[in-house]
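Here's a quick tour of some side-chain packing and backbone details.

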Amino acid sequence: GVWPAEPFFSKVVDVMITLQLPRFVWRHPETVSAVLLTLIRLTIKFMEDVQIRRQEKEEDSEEDDYFYEDGNEDGDEVDDDDGLLFEINSDERTQDTNIDISLTSEELESLASEVAESLSQEWSDVVSGVTLLDQLFGYDHDMLNINTQDEDDNSADMNGGNIMSGWGLEDGVWKHTGWNQIPILQHQIASMTELQALMKIIGRRPTAENSNEIHKFAPRTLHDDGAMGAQLDPFMRESVSGITLSGSLTEMLPSEAVLLKGSSGALRRLFMAKKAESKLLSYEMSGWADVPSVPVTRPLYLKRMPSAPGGPIIVCLDTSWSMSGMREQLSKAVVLACVTIAHKQRRDCQVVAFSTERGVMEAGIITPDCEGIQRLLDFLMHSFGGGTDVTGALKYAMETLDSDCMSAADILMISDGEIPD
């Protein structure tokens with residue numbers, strides 16, 4: 001047989017398939033115990049409900065077997081309103097009350113559906129919320145805390161405080177209306193090829209550290225107060241960067257070695273002279289190193305340099321009346337894409353919403369923790385309104401750049417361009 005018994009087994013399986021609960025548990029094995037405890041608890045509840053329903057039917061059956069009139073309860077003949085006679089035998093009545101009343105299949109199906117629906121109500125918000133977090137931050141975000149109360153108390157005692165690493169199954173954040181906005185915004189992101197291209201370009205900067213591609217950038221000049229940027233270092237000697245003159249035998253071109261193979265003594269003497277004067281054609285060996293530098297303001301050409309995703313992203317979002325409607329959805333989609341890309345590249349993403357110079361709302365750094373996700377959900381439910389003044393947002397962004405953690409940040413301004421003079 002199966003456990004739990006039919007028809008409750010089939011109803012639970014249907015709910016689990018609808019919620020995709022097996023896949024959820026496979027991705028988050030720490031939820032196995034919680035899911036099993038829920039199934040055991042609901043199975044016990046189903047059995048109790050069946051027993052209660054049987055008792056109710058037995059009580060209803062006993063009431064139908066007795067007829068009372070004028071206090072006559074001894075099995076005498078009793079006249080009813082229609083003049084008919086009923087003879088109630090006390091021995092037969094006792095035997096009828098001992099009959100086991102069983103439930104029909106329809107009644108069992110109804111009870112099983114009601115109890116199985118409790119599984120959907122308890123886990124649907126959690127599964128959908130954690131699935132969205134998986135899509136945004138990967139499966140290792142650790143935002144689901146399913147420890148029991150005793151485990152939480154022991155952890156708090158060991159750490160000297162009650163510090164929650166995630167949300168519990170019954171936390172109210174899973175019912176936040178901001179979760180409903182994320183699938184809509186993700187669908188818009190998938191259909192915007194320009195936005196996807198922008199997310200790949202944004203944050204690219206010339207750097208030798210963790211570089212994975214070569215891109216063209218404005219040439220850089222050394223500056224003590226500048227940000228770290230890639231510069232050619234002749235002492236690195238990692239790769240060939242060009243042709244130069246030197247006296248090195250290991251780096252000279254093969255054409256210079258031909259002078260030594262000739263039978264003429266003049267060619268050999270020419271080779272020795274070029275070596276003594278360090279005028280042998282040789283490969284120029286160099287490498288890239290990050291040094292304090294600034295880009296040239298008006299470059300005449302672009303230089304190929306190693307690049308990698310850079311520092312944090314500061315998103316300045318226009319929240320004026322003109323941005324409401326479809327523009328509001330598109331701008332929030334850009335913010336969500338920035339948050340996702342920044343996390344994949346191990347970068348911080350800070351959101352600054354503005355309408356007027358004084359109406360600057362800092363959403364803070366969106367990080368994969370309780371506070372960061374709560375800020376993101378609150379921002380997605382924020383309604384746009386007010387005038388347009390980029391001064392306050394730009395001032396805030398420039399002040400943020402002065403901090404150590406955001407000094408190499410990129411500023412992305414999102415607006416419809418309807419800015420008054």
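## Aromatic pairs

Rings of Phe, Tyr and Trp (its six-membered ring) are taken as a pair if their centres lie within 6.5 Å. Keep in mind that this is a predicted model. With that rule, ring pairs join Trp167, Trp174 and Trp179 into a cluster. By the rule there are four aromatic pairs. Let's start with Phe8 and Phe46: their ring centres sit 4.9 Å apart with the planes at 10 degrees, so this pair is stacked. Phe8 belongs to helix α1 (residues 8-19) and Phe46 to helix α3 (residues 32-65), so to speak a link between distant parts of the chain, 38 residues apart. Both Phe8 and Phe46 are buried.

Now back to the Trp cluster. How are the rings of Trp174 and Trp179 arranged? Their centres are 5.9 Å apart and their planes meet at 20 degrees, and planes under 30 degrees apart count as stacked, so this pair is stacked. Trp174 has 3% relative accessibility, so it counts as buried. Trp179, at 6% relative accessibility, counts as buried as well.

## The nonpolar cores

Which residues have the most contacts inside the largest nonpolar core? They are Leu21, Trp123 and Trp174, in a core of 63 residues. Helix α5 (residues 105-137) supplies the largest share of this core, with 13 residues.

Trp123 is worth a click. Setting aside neighbours within four places in sequence, Trp123 is in contact with Leu19, Leu21, Phe24, Ala34, Val35, Thr38 and Leu169.

## How α1 and α5 pack

Next, a helix pair. The axes of α1 and α5 are 9 Å apart, and the two helices pack at an angle of about 25 degrees. Angles under 35 degrees count as roughly parallel, so α1 is roughly parallel to α5. As for handedness, α1 and α5 make a right-handed crossing.

Which residues of α1 and α5 meet? On the α1 side there are Phe8, Lys11, Val12, Val15, Met16 and Leu19. On the α5 side there are Glu109, Ala112, Ser113, Val115, Ala116, Leu119, Ser120, Trp123, Ser124 and Val127. Two names here have come up already: Phe8, stacked with Phe46, and Trp123, from the list of residues with the most contacts inside the largest core.

## Backbone details

A few backbone spots to check. The peptide bond from Glu6 to Pro7 is cis, and its omega is near 5 degrees. Pro7 is found in the segment before α1.

Then there are two positive phi values. Gln20 has phi near 55 degrees, which is positive in a residue other than glycine. Gln20 is in the loop between α1 and α2 (21-27), and its 45% relative accessibility makes Gln20 count as partly exposed. Ser278 also has phi near 55 degrees, again a positive value in a residue other than glycine. Where is Ser278? Ser278 sits in the loop between α10 (265-276) and β7 (280-295). With a relative accessible area of 38%, Ser278 is partly exposed.

Key: Residues are numbered from 1 along each chain as its sequence is written. This is a predicted model: local features need pLDDT of at least 70, side-chain atom pairs count only at pLDDT 80 or more; totals for chains, interfaces and linings use all residues. Side-chain values use heavy atoms; hydrogens and water are left out. Rings of Phe, Tyr and Trp (its six-membered ring) pair if their centres lie within 6.5 Å; planes under 30 degrees apart count as stacked, over 60 as edge-to-face and the rest as tilted. Helices (H or I, at least four residues) and strands (E, at least two) are DSSP runs, numbered from the N terminus. Buried means under 20% relative accessible area, exposed over 50%, partly exposed in between (1.4 Å probe, protein chains only). A nonpolar core is a set of buried Ala, Val, Leu, Ile, Met, Phe, Trp, Tyr and Cys residues joined through side-chain atoms within 4.5 Å. Contact means heavy atoms within 4.5 Å. Axes are lines fitted to C-alpha atoms, for helices over the stretch in contact, and angles run from 0 to 180 degrees between N-to-C directions. Angles under 35 degrees count as roughly parallel, over 145 as roughly antiparallel, 65 to 115 as roughly perpendicular and the rest as oblique. A crossing is left-handed if the near helix is turned anticlockwise from the far one by less than a right angle, and right-handed if clockwise.
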